[in-house]
Amino acid sequence: MKSRQACLERLHTMLSEFASVRGERVLRDPRNDISLALTLDTIREDQVTALGSQIFYRNITGPRVVRRGTQQTVCKIPFSGYGSHCNEFPHSYLALACAIGITNDDIDSFFKRLEAVWRSLPPSKLSPTAVSEVSASSLTDAKSGEPVSNEPPPDDEEIPPPSVVKGTLMSGAGWCSEHWSRCGSTMDVARVAVQRHPEDFVLVSADLQTQGRGTKTREWLSPNGNVFMTLAVRDSSLAHSRLHLLPLETALVVLKTIQTVSKMNSSTNCPPVQLKWPNDVVIAKKKVAGCLIENSSGYFFIGVGINVQVAPPVKDEGRQSGCLQEFGMQATALDLREEFVRQFASAMSSNNSGPELIKEWRSLVDWSLEMRKRDGSLTEVRGVDVNDFGNLIVRHEDGTQETLVADYLW
């Protein structure tokens, strides 16, 4: 079972990489630990079933293609959206199962054949999926109050290649930047980008994400006007003596980036920019930035989202979002991205000790925040301190204390 679970995660990573560079999405239900699916939005409608046939022809018998809007009658009972889990599912998709006995070689072989099948199909214009279930009319510019477009580009608009910039940081390390007009997830694209660029720091950013994600696969709404980026950092370029504090140090870098770049509107009395454990940035108790850190293939992938112009609506019990503009802070996405790389590289080359980092982090936390555990219980806690390992010490309503290591808090 452990081997199958490891293979499932490998399949998810490789499928995400495959999808992100083709304008597709990976569909994953956190309650389903066997199956994944790949949208087929960029495949011509009349070629969707052909893709399934070609995969089968290449001796891959597990995947199943479900064509959007299929009508079928079984025992005189009509079905709409036949083969899917609901009548009006908006995508055709390729369903994949990670069964017991599957191996990494099986997965690698599948992707080689899928790549060949994909190339064999007639070329199609991209039809990117919508960013979220939230309608464009529900997103507004914080400064003007005008609606912010969150609709996908027209069907006849292809995704242009990224703009690429290379340079050298003050520390002497090489860095490279790929900026896309849109992509699936910068985190997934970054895993592919490090194979194209040998630099120690590789930044992938986008104006728009169609598959942004946060912690525990939580959706990260990604409308135009905000910052979406992932910094891939080679393991050897990290400060290993305080690697266990990387989430806290990343949050410090994001906070300093915002403070450095943002130009305050003199007529606005902005509340202080503060931190929430372990790596969120808040203003007036509203979340304006968050981070996601993953590690694989000799790199740490540090995903960062900053709400600049738009505060996306929160669809669950999460903390209310805010954006820089509503607090009178003016900044451009380009300046924020470049300053973040400079600040992060500078932090990694500094000689700050763990205790010094903890001391600075403590001084910038909003200790008045009321938080709730994301374990289903929604237990209310309040942070009181962090220990030398970066773990949060919280106080419960009855006065008892608890040390949190890997918990998630609203």
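How many bridges join strand S9 to strand S10? There are 6, and the two strands, residues 201-206 and 227-234, run antiparallel.

## Ground rules

This is a predicted model, where local features need pLDDT of at least 70, side-chain atom pairs count only at pLDDT 80 or more, and totals for chains, interfaces and linings use all residues. Numbering starts from 1 along each chain as its sequence is written, and side-chain values use heavy atoms, with hydrogens and water left out.

## The sheet and its helix

S9 and S10 belong to an open sheet of 8 strands with mixed pairing, ordered S7-S8-S9-S10-S15-S14-S13-S12. (Strands are DSSP runs of E, at least two residues; helices are H or I, at least four.

Helix H6 (residues 333-349) lies across S8, S9, S10 and S15, running at about 25° to S10. Axes here are lines fitted to C-alpha atoms, for helices over the stretch in contact (heavy atoms within 4.5 Å), and angles run from 0 to 180 degrees between N-to-C directions.

## Rings

Inside H6, Phe 340 and Phe 344 are 4 residues apart, about one turn of the helix. Their rings make a tilted pair, 6.0 Å centre to centre with 40° between the planes. (Rings of Phe, Tyr and Trp, its six-membered ring, pair with centres within 6.5 Å; under 30 degrees is stacked, over 60 edge-to-face, the rest tilted.) Both are buried, meaning under 20% relative accessible area; exposed is over 50% and partly exposed in between, with a 1.4 Å probe and protein chains only.

Conventions. Two strands pair if DSSP finds at least two bridges between them.
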